[in-house]
Amino acid sequence: MSQSKFDLVVIGAGPGGYVAAIRAAQLGMKTAIVEREHLGGICLNWGCIPTKALLRSAEIYRNMQHAAQYGLSAGKIDFDLEAIVKRSRAVSKQLTGGVGFLMKKNKITVIEGTAKLAGGGAIEVVEKKDGKTSTISSTHIIIATGARARSFPGLEPDGKHIWTYREALVPDTMPKSLLVVGSGAIGIEFASFFNALGAKVTVVEMMDRVMPVEDEEISALARRSFEKQGMTIHTGAKVADLKSDASGVSANITLADGKSSTEKFDRAILAVGIVANTENLGLEKAGVKVEGGNVVIDEFCRTTAKGVYAIGDVAGPPALAHKASHEAIICVEKIAGLEGVHPLDRRNIPGCTYCSPQVASVGLTEAAAKEAGHELKIGKFPYQANGKAIALGETEGMIKTVFDAKTGELLGAHMIGAEVTELIQGYVIGKTLETTEAELMHTIFPHPTLSEMMHESVLAAFDRALHI
Amino acid sequence: MPIPILMPALSPTMETGKLAKWHVSEGDEIAPGDVIAEIETDKATMEVEAIEEGRIGKLLIDEGAEGVPVNTTIAEVLTDEDEEGASAAPAEPITPVAKEEPKPVPESESAASATPATPVSTPEALPAQTSQSPGEGGKRLPASPLARRMAKANGIPLAGLKGSGPRGRIVKRDIEAALQSGGRTVSDGTKAVGTAAAVGAGLATANKAVGAAKQPAGLDDREIFSLYEEGSYELVPHDNMRRIIADRLTLAKSTIPHFYLSIDCELDELLQARKRMNEAVAADGVRLSVNDFIIKALALALQKVPEANATWSDQGLLKHQRSDVAVAVAVEGGLFTPVVRHADLKTLSEISNEMKDLAHRARSKKLAPHEYQGGTTSISNLGMFDIKQFDAVINPPHASILAVGRGEQRPVVRDGELSVANVMSCTLSCDHRVIDGALGAQLLKAFKTYIEEPVTMLV
């Protein structure tokens with residue numbers, strides 16, 4: 001290694017790590033990033049981006065099936081799974097290359113290898129190309145090693161019939177029947193994709209509703225929609241004894257009412273959460289405390305070891321790329337001693353799920369807001385009453401806003417329907433700027449857009465909705 | 001109901017003050033005219049007298065408390081009718097908020113200068129303002145809408161808070177912190193604005209946002225301290241005067257678009273005239289200084305070019321009729337700018353006597369606020385320090401200031417011939433919002449003419 005002493009070394013080049021490296025380089029730090037697999041991490045290679053590419057294919061396919069509804073005819077409508085997957089991989093590749101370019105542009109040293117803390121600012125790197133170990137040192141070290149799919153005894157992927165997100169992203173065949181275990185963002189997006197392409201999908205969720213982190217009302221609407229699209233959904237249910245055999249998978253499913261039965265599927269996808277990648281990093285030796293599977297950090301991402309920081313999934317939930325990137329900025333700017341660095345405000349982290357219909361939210365759910373002792377004003381506006389939604393032929397969904405009745409603070413926003421993942425940022429900006437209902441009401445929303453529903457929802461919370 | 005005694009505004013521009021000394025204790029009987037407290041303002045120490053008769057119920061501000069915002073309730077007077085209920089509800093600070101205040105006076109620099117010597121007593125003259133945060137007056141502090149609303153609901157004056165958001169924006173967490181700290185000055189300040197009758201009947205309700213002038217933040221303390229080795233300096237806390245100078249000149253330099261015009265004035269005729277005049281009035285104990293001539297000349301020049309005798313305000317230009325010339329007087333730890341009013345109408349000896357008295361009392365910090373407030377322009381003369389030429393910072397709400405250098409013998413060329421003359425360089429700083437280049441030049445030219453032909457000052 002030509003340069004072995006750095007101001008900052010980042011371990012892991014996902015959306016947390018590479019953003020940290022860029023920001024550090026911008027601030028004049030001599031920066032290196034160590035990546036064991038590929039730049040961009042799970043997000044770009046095996047997560048956010050390739051799934052969006054798959055889901056886009058599914059969306060267009062679904063629209064084509066409804067062509068007649070728009071006065072169009074499309075002849076024989078079919079898909080080529082291999083081509084869909086190929087496109088998804090190409091999208092990933094393009095973006096991964098983009099990260100490489102960004103590293104070069106910012107003069108960040110990229111080290112392909114596996115890093116381990118050796119204490120006192122030293123890092124041992126086993127290089128990918130030749131397996132040789134070298135040691136670099138750095139004043140500051142950021143751990144951004146991310147997370148991987150969780151598995152349980154009896155629920156273990158075999159990579160053949162029992163998939164994790166990784167195999168599910170590159171299916172060699174279109175399963176006729178598919179079991180999805182877990183209805184969080186990952187599970188439900190795959191369920192949505194395979195369902196759209198004709199698989200008979202069964203979703204099993206342990207909690208009493210699908211997408212359990214979302215507002216209850218949104219969960220209920222989502223479930224109704226999924227079922228209408230042909231999915232079978234079991235909530236409050238459990239899967240045990242997931243077994244792979246020659247023809248597929250057999251699973252013992254215990255339903256909410258206690259009845260259990262063994263069912264056969266072509267494939268199963270395990271989406272029962274994630275585990276932080278804390279192993280083999282020399283954390284213990286370096287004095288970095290790990291608790292509940294995650295690296296323990298303070299509000300500025302500092303671990304218990306001086307000069308060692310952790311960001312993103314490895315430092316705890318929510319496991320979201322944009323949360324990791326934001327922590328990266330906070331962490332690096334704090335290291336650089338910049339002014340006005342504030343801890344992450346968890347209530348302002350939006351969450352998006354790209355199933356059909358899409359789901360997006362920020363802040364407190366109605367139940368959580370109530371529990372926190374707020375007196376509430378709730379606004380709701382349905383897609384059915386929005387001109388643009390009707391013109392688009394997307395009349396399913398609604399936008400719900402939760403306000404503190406006393407201060408007018410926007411506590412939360414919960415959306416389900418077409419394009420809500422692109423709309424949510426309006427509320428996120430509002431929350432970040434600490435608007436009250438008054439500024440949202442004074443805002444002019446363009447007509448005709450789906451965003452008008454965001455306005456109407458706010459008006460509705462104060463009994464002033466116009467178009468309903 | 002107990003009558004609140006409010007932190008008085010001893011001058012139209014006073015924002016905060018130090019409660020230097022209590023002359024009464026809780027339970028003391030007071031009668032109108034009794035001295036209750038001493039307030040140290042930006043420029044002077046003043047006594048606060050009781051207006052009502054009664055008994056001091058509660059002293060709400062500690063002696064020595066600094067930065068007490070104007071109109072904060074500092075104490076309460078119990079009247080006879082309070083006495084019975086007093087023990088049941090001991091001195092609960094009354095909570096009339098600004099809304100109930102009969103006539104909120106929108107404070108602005110221009111308003112202050114419009115009636116420099118007289119307290120603001122005719123609020124009707126100014127349009128009522130329905131500001132969201134009454135305590136702020138004309139300047140809007142950066143604050144999030146949520147913070148604004150929470151502050152209002154909890155009666156926390158935004159002016160007293162330090163914003164932790166981008167560019168000093170006051171955000172929710174700052175309000176929460178203020179609520180949590182529950183600092184007395186904070187919470188008391190909130191319930192402050194009571195009836196104008198208590199103390200402030202004759203006092204302007206000037207409470208402009210303190211923080212506003214500090215908006216363009218420089219290095220923060222942590223950064224500054226990190227640059228110097230500990231023990232290599234002595235830390236001298238700011239007094240009110242230093243803070244006011246810092247705030248107002250920062251405000252001036254960051255909000256007034258300055259430009260500068262320089263001119264040379266020949267002084268030979270003036271020096272001769274002065275010599276003869278001084279000989280003539282020597283018996284009366286008068287001794288005219290060159291500065292007295294400068295005051296008179298600038299006052300007359302403003303009358304000759306009245307467009308330049310103005311003040312910027314958002315509502316419009318205040319075109320002044322009087323030439324009230326403020327003169328910077330250096331004092332220990334800062335400076336005062338006592339004002340020579342109607343300087344155009346006064347004789348040189350009147351100006352001379354008045355200036356001597358003002359300067360003397362300025363140095364002993366005995367000026368009354370009305371003697372250094374207002375004015376329509378200023379003069380800063382550093383000639384006695386051998387300064388040849390400099391640019392002065394405009395003293396708001398003025399639109400100009402004349403920086404006067406030393407009068408000295410210099411070579412001058414007249415009709416192609418080199419000769420020697422006494423020459424003084426002057427630089428006029430102009431507020432470009434009020435005075436354009438040509439107008440400033442006209443003013444300076446008129447000034448030069450009076451200086452170079454002093455006889456014209458006498459007609």
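Which residues does A:Leu81 touch, not counting residues up to four places away in sequence? They are A:Pro171 and A:Met174. The model you are looking at is predicted, so please read every value below as computed from that model.

**Two positions in chain A**

Let's stay with A:Leu81 for a moment. This residue lies in helix H4 of chain A, which covers residues 81-105. A:Leu81 counts as partly exposed because 15 other C-beta atoms lie within 10 Å, a count that falls between the limits of 12 or fewer for exposed and 20 or more for buried. A:Asp172 is 91 residues away from A:Leu81 in sequence, yet their C-alpha atoms are 7.8 Å apart in space.

A:Ala405 sits in a loop of chain A, between strand S22 (397-404) and strand S23 (410-417). With 14 other C-beta atoms within 10 Å, A:Ala405 is partly exposed. Leaving out residues up to four places away in sequence, A:Ala405 touches A:Glu375, A:Leu376 and A:Lys377. Between A:Ala405 and A:Leu376 there are 5.0 Å from C-alpha to C-alpha, although they are 29 residues apart along the chain.

These pairs bring us to chain A as a whole. Among its contacts between residues at least 6 apart in sequence, 63% join residues at least 24 apart. Chain A has 468 residues, and 47% of them count as buried. Its secondary structure comprises 14 helices and 23 strands.

**Strands of chain A**

A:Val249 stands opposite A:Phe265 in S13(A). Five residues lie between the strands of this hairpin, where A:Gly258 takes a positive phi near 95 degrees.

| Helix | Residues | Length | Span, first to last C-alpha | Expected span |
|---|---|---|---|---|
| H3, chain A | 48-65 | 18 residues | 26 Å | 26 Å |
| H12, chain B | 437-452 | 16 residues | 22 Å | 22 Å |

In H3(A), the buried residues are A:Cys48, A:Ile49, A:Pro50, A:Thr51, A:Leu54, A:Leu55, A:Ser57 and A:Ala58. They pack against helices of chain A: helix H2 (41-46), H4, helix H5 (165-169), H6 and helix H9 (321-335).

H12(B) has the buried residues B:Gly440, B:Leu443, B:Leu444, B:Ala446, B:Phe447, B:Tyr450 and B:Ile451. Why do they lie on the same side of H12(B)? The reason is that they cover an arc of only 155 degrees around the axis. On the face turned away from this buried side, H12(B) carries the exposed residues B:Gly437 and B:Ala438. The buried residues of H12(B) are covered by parts of chain B including strand S9 (258-266), helix H8 (268-281), helix H9 (290-304) and strand S18 (417-431).

**Nonpolar cores**

Which residues touch the most other members of the largest nonpolar core? Of its 139 residues, these are A:Ala20, A:Ile142, A:Ile143, A:Ala268 and A:Ile311. Helix H6 (residues 185-196) of chain A gives the most to this core, with eight residues. A second, separate core has 55 residues, among them B:Ala252, B:Ala343, B:Phe447 and B:Ile451.

A:Ile311 is worth a look in the viewer. Not counting residues up to four places away in sequence, A:Ile311 touches A:Gly16, A:Ala20, A:Ile142, A:Ala144, A:Cys301, A:Ala324, A:Glu327, A:Ala328 and A:Cys331.

**Where the chains meet**

How many residues does each chain bring to the contact? Chain A supplies 11 residues and chain B supplies 11 residues. The side of chain A that touches chain B is made up of two nonpolar, five polar and four charged residues.

Conventions: Residues are numbered from 1 along each chain as its sequence is written. Chains are lettered from A and ligands numbered from 1 in the order in which they are written. This is a predicted model: local features need pLDDT of at least 70, side-chain atom pairs count only at pLDDT 80 or more; totals for chains, interfaces and linings use all residues. Two residues are in contact if their C-beta atoms, placed from the backbone, lie within 7 Å. Ala, Val, Leu, Ile, Met, Phe, Trp, Tyr, Cys and Pro count as nonpolar, Asp, Glu, Lys and Arg as charged, and the others, Gly among them, as polar. Two strands pair if DSSP finds at least two bridges between them. Helices (H or I, at least four residues) and strands (E, at least two) are DSSP runs, numbered from the N terminus. The expected span of a helix is 1.5 Å times one less than its number of residues. The arc is that of the directions from the helix axis to the C-beta atoms. A nonpolar core is a set of buried Ala, Val, Leu, Ile, Met, Phe, Trp, Tyr and Cys residues joined through C-beta atoms within 7 Å.
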